[in-house]
Amino acid sequence: MSGKGVAILGIFVADLAFRAGRMPGIGETISGSGFKLGPGGKGSNQSVAAARAGGAVTFISRIGKDDFGRIALATWKAEGITARVAEDPDEPTGAAFIYVNEKNGENAIIVVPGAAAGISPADVEAAADAIRSSAVFVTQLEQPVAAARRGLEIARRAAVTTIFNPAPAEPVEDDIFPFCDYVTPNEHEAATLTGIAVTNVDDARRAGDIFLAKGAGAALITLGEKGALLHTKDRSILVPAFDAGTVIETAGAGDAFNGAFAAALARGLEPEAAVRFACAGAGISVTRHGTAPSMPSLAEIETLLGKAKPG
């Protein structure tokens, strides 16, 4: 890699997390056990994860000029993230409703991207220098897919390693995959994009073959407590998950994984070692509340890698 650091295109939203024993039904009101407002959005979360994991991070996005936007700017400043972010005076900064099961930490999420829904290929072009000068470029599907595709194109043509996290799950045209060195879906996203119901590692390998056939360099399918499958034309390796303690909340685990993976690649780690690093980061994140606040530091990840047994 000739570039340095990580460039990430994505969105910021303010996370409004509610903890309760179950989701209410339509027309029903129930009592919850907790509430927290904090920074979120896949791209922003991944930027925090990558920065805390040792990466020099530039984040590309769009926010509104409002209280939630001020939370975004303060978050990036505190984490040392360079923000290439347009401020829209006419649209609000996005928000997300997050239900967290108070018993097992499982979650359900509704995201409204707000101003970030207007991220365009022109916005990406305006930050093309940051993409070209990076070692790794990451994007997802919370902003328009046309912007994601343009970012991937710019990065690929500059020989920057590309990571496409196809989340939230939605169908995309196959022409995006040849621009992806790594495509990083979870089980549900892999099923949406390949038509393969991913319930075990063998299913993940079959889904991985479809991603390779579509033109991706590698499929990196996250499998929750089973770990992550790194699947290429030459090898297929299941990297086990790490047990870092009691699971409190799984929201943000995928972002912890992708951010840590990008930071590891940017530091020059080989792919399998980078996946192990990412699994450790995700393993720590689920032991904490919140999304961005749950992201571990480089020292914490290295300590877990050195002391904890994967599995």
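Analyst: Val112 lies in strand β7. Bear in mind that the model is predicted.

User: What makes Val112 part of a nonpolar patch on the surface?

Analyst: Val112 forms the patch together with Phe18, Met23, Phe35, Leu37, Phe97 and Ile110. Nonpolar side chains are joined within 5 Å, and each residue needs over 30% relative accessible area. The accessible area of the patch is about 640 Å². Two elements, β3 (34–40) and β7 (107–114), each give two or more residues to it.

User: How many disulfides does a search of the whole structure find?

Analyst: The search finds 0. A pair would need its cysteine sulfur atoms within 2.5 Å.

User: Which residues have the most contacts inside the largest nonpolar core?

Analyst: They are Trp76, Val136, Ile163, Phe257, Phe261 and Val275, in a core of 47 residues. A second, separate core has 42 residues, including Ile119, Val124, Phe137 and Phe164. Members of a core are buried and joined through side-chain atoms within 4.5 Å.

User: What does Phe257 touch, not counting residues up to four places away in sequence?

Analyst: Phe257 touches Leu220, Thr222, Ala228, Val275, Ala278, Cys279 and Ala282.

User: What makes Arg62 and Asp123 a salt bridge?

Analyst: Their side chains meet at 2.7 Å, N to O. The limit is 4 Å, so the pair qualifies. It links distant parts of the chain: Arg62 is in strand β4 (residues 57–64) and Asp123 in helix α3 (residues 121–126), 61 residues apart. Both Arg62 and Asp123 are buried.

User: Which parts of the chain does the pair of Arg150 and Glu125 link?

Analyst: Arg150 is in helix α5 (residues 145–157) and Glu125 in helix α3, 25 residues apart. Their salt bridge spans 2.5 Å, N to O. Arg150 has 18% relative accessibility, under 20%, so it counts as buried. Glu125 has 35%, between the limits of 20% and 50%, so it counts as partly exposed. A network of salt bridges links Glu125, Arg150 and Glu153.

User: How do you know that Arg205 forms a salt bridge with Asp202?

Analyst: The closest N and O atoms are 3.9 Å apart. That is within 4 Å, so the pair counts. Arg205 and Asp202 are 3 residues apart in helix α7 (residues 201–214), about one helical turn. At 26% relative accessibility, Arg205 counts as partly exposed. Asp202 does as well, at 47%. The structure holds 17 salt bridges.

User: What makes helix α1 mostly covered?

Analyst: In this helix (residues 42–52), 9 of the 11 residues are buried. Among them are Gly43, Asn45, Val48 and Ala51. The cover over the buried residues of α1 includes β1 (6–9), β3, β4, α2 (67–79), β8 (136–139) and α8 (253–266). Gly54 follows α1 with a positive phi, near 105°.

User: Why is Lys42 called partly exposed?

Analyst: Lys42 has a relative accessible area of 22%, between 20% and 50%, so it is partly exposed. Lys42 is in helix α1. Leaving aside neighbours within four places in sequence, its contacts are Ile11, Gln140, Glu142, Asn165, Ala167, Pro168 and Asp255.

User: What is omega for the peptide bond that joins Ala167 and Pro168?

Analyst: Omega is about 0°, and the bond is cis. Pro168 is in the loop between β9 (161–164) and β10 (182–183).

User: Last one: why is Ala159 called exposed?

Analyst: Its relative accessible area is 66%, over the 50% limit, so Ala159 is exposed. Ala159 is in the loop between α5 and β9. Its phi is positive, near 60°, in a residue other than glycine.

Definitions and conventions. Residues numbered from 1 in each chain as written. Predicted model: local features only at pLDDT ≥ 70, side-chain atom pairs only at ≥ 80, totals over all residues. Heavy atoms only, no water. Buried < 20%, exposed > 50% of the residue type's maximum accessible area, 1.4 Å probe, protein only. Contact = heavy atoms within 4.5 Å. Patch = residues over 30% accessible without salt bridge, like charges linked within 9 Å, V, L, I, M, F, W, Y side chains within 5 Å. Areas by Shrake-Rupley, 256 points an atom, 1.4 Å probe, with all protein chains shown as cover. Helix = DSSP H or I, 4+ residues; strand = E, 2+ residues; numbered from the N terminus.
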